[in-house]
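Let's walk through this structure together, taking charged pairs and a helix in turn. Have the model open as you read.

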Amino acid sequence: MVKKSALFRLHIIVFLWGFTAILGKLITANAQILTFYRMLFAALFLFIFIRFFKKESIKISKKLFIQLSLIGGFMAFHWLCFFYAIKVSNVSIALSCLSLSTLFASILEPIIFKRKIDISEVVMGVVIVICMGLIFKTEFQYKEGIFYGILTALFGTVFSVFNGKIFGKTSSGNIIFYEIFSGFLILTAFFLLTGQIFQLNEISTHDLTLVIILASVFTAFPMLESVNLMKYISPFTLILTVNLEPVYGIILAFFIFGESEQMSPIFYGASLIMISAIIVNGVLKSRKNTAAKKLQD
């Protein structure tokens with residue numbers, strides 16, 4: 001019962017993550033302002049939860065803070081590119097490009113963790129590249145959105161891979177808090193250095209309300225909940241289920257926004273093949289790891 005409950009909660013989290021793209025389109029503020037306020041309020045909510053509800057310390061070493069700040073910078077760029085991709089194209093394009101994260105991970109992980117390249121990951125990467133090529137060819141009018149969608153996947157992969165290196169050095173809550181908070185500081189520095197700080201006032205009450213909902217319900221809560229669920233489910237199950245985020249988001253966008261989200265049959269076919277390839281690869285790797293453990297026992 002506990003595992004079933006955990007799986008249900010996990011799907012709720014992935015559904016919430018899929019809805020962030022919907023909110024990104026509903027919020028009329030530009031990508032920079034949207035990301036700035038998302039990181040500000042998410043950091044604030046996380047700080048209140050960690051210090052006053054869990055009553056945990058947020059004290060970390062200077063070295064770790066610098067490391068988390070660098071990772072937080074990649075998180076900020078990841079969100080910036082994601083929302084910009086939505087603004088210049090649509091939700092479906094931005095979400096479909098997230099599948100490239102698996103391709104980038106297959107290249108970066110062996111380098112960072114010093115392991116051998118997995119042939120199955122290379123094959124899957126080739127499949128994803130072919131599918132993205134088909135999408136680019138048939139949806140060329142969204143070329144700018146595809147470009148920023150690819151950057152979204154790249155920055156998101158770098159953020160995730162380096163997060164794996166930092167895991168265990170402090171609590172998961174502290175890691176998430178400092179990454180988001182440092183991302184907010186980096187964006188603040190950007191607005192100050194470019195003289196655009198006063199543009200932050202150019203956000204409507206309606207947009208600000210949606211950003212607060214985005215930062216709390218769709219950012220801080222699912223991030224903390226995903227960490228809690230690791231007690232009951234395997235990392236493989238988490239990763240496999242998270243791959244459903246584009247599916248939820250594209251379906252939701254189609255029903256909410258209608259015509260502006262209608263894509264060609266080739267787009268949906270290519271997206272389905274990419275997502276299926278990622279899931280199949282995950283299942284095969286899980287079986288391979290299970291077989292390896294049995295041989296060791």
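Predicted model: local features only at pLDDT ≥ 70, side-chain atom pairs only at ≥ 80, totals over all residues.

E261 counts as buried because its relative accessibility is 0%, while K25, at 25%, is partly exposed.

Helix α1 (residues 2–26) also holds R9, which pairs with E225 of helix α9 (residues 205–229), so parts 216 residues apart in sequence are tied together. Here the closest N and O atoms of E225 and R9 are 2.6 Å apart. E225 is buried at 12% relative accessibility, and R9 is partly exposed at 28%. The count comes to three salt bridges; K54 and E56 form one of them, at 3.4 Å from N to O.

Now which charged residue is buried yet has no salt bridge? That is E179, whose nearest side chain of opposite charge, K169, is 11 Å away. E179 belongs to helix α8 (residues 172–193). Leaving aside neighbours within four places in sequence, its contacts include M39, L68, F159 and N163.

Finally, turn to helix α6 (residues 119–138), where 20 residues at 1.5 Å a residue should span 28 Å; the end C-alpha atoms are 29 Å apart, which agrees. Buried in α6 are E121, M124, G125, I128, C131, M132 and I135. These residues cover an arc of only 130° around the axis, so they lie on the same side of α6. The face turned away from that buried side carries the exposed I119, I130 and K137.

Conventions. Residues numbered from 1 in each chain as written. Heavy atoms only, no water. Helix = DSSP H or I, 4+ residues; strand = E, 2+ residues; numbered from the N terminus. Buried < 20%, exposed > 50% of the residue type's maximum accessible area, 1.4 Å probe, protein only. Lys, Arg positive; Asp, Glu negative; His and termini not counted. Salt bridge = Lys/Arg side-chain N within 4 Å of Asp/Glu carboxyl O. Contact = heavy atoms within 4.5 Å. Expected span 1.5 Å × (residues − 1). Arc of directions from axis to C-beta.
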